Amino acid sequence: MKRIAFIGAGKMATALISCIYKNGASSSIIASDKNSKNLANIKKHLKIKTTNDNKEAVRNSDIVFICVKPQDIDNVLNEIKGVIKNQLVVSVAAGVRLKHLESKLKGKRVIRVMPNINCLVGEIAAGFSAGKFATKDNIDDVSKILSYGGISFQLKEELLDAVTAISGSGPAFFAYLIKAFAEAGVRNGLPKEIAVKLAAKTALGTGRLLMEKDISPEELIAMVASKKGTTAAGLEVLKKNKTKNILIKTINAAVKRSSELGK
Ligand SMILES: NC(=O)c1ccc[n+]([C@@H]2O[C@H](COP(=O)([O-])OP(=O)(O)OC[C@H]3O[C@@H](n4cnc5c(N)ncnc54)[C@H](OP(=O)(O)O)[C@@H]3O)[C@@H](O)[C@H]2O)c1
């Protein structure tokens, strides 16, 4: 197993580390963060090495995941560029382009990944793009790490803004829908806790049906909706209120923001 360093040990790093950890590779992970509280928190749940020294983490690794906010990434790159030798640098920062990463880390191997928080439960849906110095082995390593937690696709970099919107931000959008379903359940008499669980489990099962039975969303709708039935009544409201347009606008707004972050 390759030695993996995480710079920034917040939410996304914790989710990625949990995935790798569950696959039995804990001894090869080190997390570095300037925030000791985050390190203590991660150590409580996962038995990995931690440090406050980004350079030390980089020196003792083969792959460096940079998991800080986009606005903090230049600080990290400036700090570690002197100690990067043959390590692969993997950035998960939304909107930060390969061109920018490569201009800071001249001639180094870089891959840009857009993961999502769902890898906390082994259900990542990710896209990634390789920089011009990344090798086939580097790409295979990243694919393997991401496959521990679900699915990933190597894509042209210009498509990562769409992945950011659908996969990166997607869990929040689906949670918003689940919250709305649950609120409706409560208004119709269900206890809140039960309504949230019913809505969440229904979302989970719907995703699994589409993935595991290889059926399209249209086919699934047809399987559930019978003429003049309850589903048909609900679908009519969705259509009348142009809900699909609202959801497309939601994704488009996130795509636009991701593209702006990269400028
Ligand atoms: N969260 C998601 O669902 C998600 C999904 C896809 C992609 N991402 C990407 O993942 C990245 C991290 O997001 P996050 O949600 O995990 O953020 P986060 O929870 O705020 O974690 C970032 C961590 O990095 C630390 N940090 C900042 N500057 C540092 C430095 N110079 N050296 C070492 N550590 C430093 C922060 O410390 P302080 O708190 O003290 O600043 C914080 O602990 C972002 O670029 C985001 O675009 C996130």
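In what order do the eight strands of the open sheet stand? The order is 3-2-1-4-5-6-7-8, and the pairing is mixed. Keep in mind that this is a predicted model.

Let's start at the edges. Strand 3, residues 49-51, and strand 8, residues 150-154, each have a single partner strand. So one side of each is left without a neighbour in the sheet.

Now one pairing in detail. Strand 2 covers residues 29-32, and strand 2 pairs with strand 3 in the parallel sense. Three bridges join the two. In general, strands of a sheet pair through backbone hydrogen bonds, either parallel or antiparallel.

Look at serine 32 next. Serine 32 is found in strand 2. Is serine 32 buried or exposed? Serine 32 counts as buried, because its relative accessibility is 0%, and the cut-off for buried is under 20%. Leaving aside neighbours within four places in sequence, serine 32 is in contact with several residues, including Phe6, Ile7, Leu39, Asp53 and Ala57.

Phe6 brings me to the aromatics. How many aromatic pairs are there? The count comes to one. Phenylalanine 6 and phenylalanine 65 form that pair, and the pair is stacked. The centres are 5.0 Å apart, with 15° between the planes. Phenylalanine 6 counts as buried, at 0% relative accessibility. Phenylalanine 65 also counts as buried, at 0%.

On to the helices. Helix 1, residues 11-22, lies across strand 1, strand 2, strand 4 and strand 7. Helix 1 runs at about 160° to strand 1. Helix 7, residues 160-168, lies across strand 6 and strand 7. Its angle to strand 7 is about 165°.

Last, a pocket. The second largest pocket holds about 930 Å³ of space. How many residues line the second largest pocket? The lining has 36 residues, and Met12, Cys67, Val68, Lys69 and Pro70 lie nearest the centre. Helix 1, helix 4, helix 7 and helix 12 each give two or more residues to this lining. The largest share, four residues, comes from helix 12.

Notes
Residues numbered from 1 in each chain as written. Predicted model: local features only at pLDDT ≥ 70, side-chain atom pairs only at ≥ 80, totals over all residues. Heavy atoms only, no water. Phe/Tyr/Trp six-rings, centres within 6.5 Å; stacked < 30°, edge-to-face > 60°. Buried < 20%, exposed > 50% of the residue type's maximum accessible area, 1.4 Å probe, protein only. Pairing = 2+ DSSP bridges. Contact = heavy atoms within 4.5 Å. Axes fitted to C-alpha atoms, helices over the stretch in contact; angles between N-to-C directions. 1 Å grid on protein atoms, 1.4 Å probe; cavity = no way out; pocket = protein on both sides within 12 Å on 5 of 7 lines; lining within 4 Å. Points joined across faces, edges and corners; volume = space filled by probe spheres on them.
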